[in-house]
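Hi,

Here is the structure I promised to send over. Have a look at it first, and then read my notes below.

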Amino acid sequence: MIPYWRLSAYYFFYFAFIGAFSPYFALYLQSIALSAADIALLMSLMQLMRVLAPNLWGWLAERLGLRIAIVRLSALASLAGFSVFFITTDFGGLFAAMALMAFFWSAALPLIEGLAFAHLGEASHRYGSIRVWGSVGFIVAVLALGHSLDHLPIKAVLWVTATILGGIVLCSFVVPEAPRPPAQSATASFGDTLRRPEVQALFGACFLMSAAHGALYVFYSIFLVDHGYDKALVGWMWALGVLAEIAVFMLMPRITQRFSLRAILLFSFACAVARFLMIGWGAGSLVVLLAAQVLHGATFGAYHAAAIAVVNQWFPGRLQSHGQALYGSLSFGAGGMLGGLLSGYTWESLGAAWTYTMGSGFALAGLLWLLFGWRRMSDAD
């Protein structure tokens, strides 16, 4: 039996945390008088730990065969690390709290992704119907907190986020372990797979796609508020992007029947090039910003669903958890960290428009790398 609702509940709370934390925690940091560079540095610790932690935790999970135990440990330690934010506004204390929380929090998702595919087995096409509950959780959190912050002090971000982390802890204790995939003697080694040019092109392009989103995830809420939009609308703008993402997740089975995974990825990168130019130079037009947010369905929804499916194909059996961890580390980790840190230093010196233009440039570079680097025929073509 597939533990559909238990996995779905975990995804709900995991991405509800992102819905509460990513759009609004930067506003909390701004409220305690941190500079843009300090905010970017703190927020980029989430990406830095996604470079370091998933591979370490993935290796440990494979050696010990205790994936769900590590997921539970990460949930408890994440909540403990976040609790430090209640007792200090000193930069050193904030840095330590963020590093501790991020190190453990980033351990969970690659392991949960591997558990989900292991539970699904031959029904892997149902992944989207489970993952979509994560998007629902994001929307609930981002809208509820966005409306609340028009009436509550900004410190409410801490209480809501801590409560959601408590939900992750509870869900981690009801998700069951899954059987480990059997060893496959015919499977290529991890190193051999990484040396394939199409694999390098995919991971390189994913790195650049996350770098393109750096300014969005760190400064988008601040960007909207600075242009006169209220916090309730900020929540709706984030929610609109995730609604588009949900629609894409639900349509992915049909989309993948008509288009190759490579074609879906190329289209997603082209949309990212346009999206960040629209945000950077169209801030005065709500219509332009709305259209840009709808493109999130392509720049994250279609992109992530296609990328994770390719990784699942190219890293079969016991290579799966390593492949998923590397995908998360290089893209959401290293790429997100680069984009976030660079945006922190260009936001005040070059301005928001040119910072988002830089993001568009990252997406264009990823598009070209994918286009010319992935030419060999494969199952994902």
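What follows is a short tour, from the overall fold to a few side chains.

This is a predicted model, so local features need pLDDT of at least 70 and side-chain atom pairs count only at pLDDT 80 or more, while totals for chains, interfaces and linings use all residues. Residues are numbered from 1 along each chain as its sequence is written, and side-chain values use heavy atoms, with hydrogens and water left out.

The protein has 16 helices and zero strands (DSSP runs, H or I of at least four residues for helices and E of at least two for strands, numbered from the N terminus). Its radius of gyration is 20 Å, close to the 21 Å that the globule rule gives for 381 residues, so it is as compact as a globular protein of that length (taken over C-alpha atoms; the rule is 2.2 Å times the number of residues to the power 0.38). The C-alpha trace spans about 60 × 40 × 35 Å along its principal axes.

Of the 381 residues, 58% are buried (buried is under 20% relative accessible area, exposed over 50%, partly exposed in between; 1.4 Å probe, protein chains only). Phe82 and Phe85 are both buried. Leu350, by contrast, is exposed, with a relative accessible area of 54%, and sits in the loop between helix H15 (320-349) and helix H16 (352-373).

Two arginines lie over ring faces: Arg131 over Phe15, at 3.9 Å from the ring centre, and Arg196 over Trp314, at 5.3 Å (the cut-offs are CZ of Arg, or NZ of Lys, within 6 Å of the ring centre and within 35 degrees of the ring normal).

Best wishes
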